[in-house]
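Biologist: I am new to this structure and would like a close look at a single part of it, the open sheet. Please set out the surroundings before you come to the details.

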Amino acid sequence: MNTRFSPLVAGIALAAVTTFATAHESHVPKAGTATLAPEQKAWGIAGKASAVKRTIDIAMADDMTFTPSVLEVREGDTIRLRLKNRGKDLHELVLGTAAVIEDHAAMMKKHPGMEHDEPWMAHVQPGKTGELIWTFNRAGDFDFACLVKDHYELGMAGRVRVRAAAAPAR
């Protein structure tokens, strides 16, 4: 029996691994790397617990709702989103722009078992509480959604309105 891989099989395997790694590059921390500085996103940056100005409680339910589904914060505020999963299904909250949410939802459809751990995402098991600490340092309207299974398609989404910080007095 020949135990050598053919160049064709090796090439296909390499292409598959490269494609998978590239598609998930921004979602899975690289093993053995030092802790990186928080990454600025269009909707803000990971916050520090010591900078939290306000905590907002959000309930997640199996009727595919977040309560509240609209949040209002001020530009520059660091907010703790305390997430309570009141359902029997796993739920998550993913922050982002509409385009980022749509792209991530499409990736989750292709790779439903994908594991990821980013500061703008929080998975919450049934009956448990989770949290996300985020600094909303950009004004505008941003989105959040649950991308588990078909929850997003069933309407499990919300909006964060970040009001511009007051201009300093002259």
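Modeller: Accessible areas here come from the Shrake-Rupley method with a 1.4 Å probe, and for residues only the protein chains shown count as cover. By that method the protein chain exposes about 10400 Å², of which carbon and sulfur atoms supply 57%. This is a predicted model, in which local features need pLDDT of at least 70 and side-chain atom pairs count only at pLDDT 80 or more, while totals for chains, interfaces and linings use all residues. Residues are numbered from 1 along each chain as its sequence is written, and side-chain values use heavy atoms, with hydrogens and water left out.

The protein chain has two helices and 10 strands, where helices (H or I, at least four residues) and strands (E, at least two) are DSSP runs numbered from the N terminus. Along the sequence these elements follow the pattern α-β-β-β-β-β-β-α-β-β-β-β.

Turning to the sheet itself, five strands form an open sheet in the order 4-10-9-6-7, with mixed pairing; two strands pair if DSSP finds at least two bridges between them. Strand 4 (70-74) and strand 7 (121-124) stand at the edges with a single partner strand each, so one side of each is left without a neighbour in the sheet. Within the sheet, strand 9 (residues 140-145) and strand 10 (residues 157-163) run antiparallel and are joined by six bridges, and Ala145 stands opposite Ala157 in strand 10.
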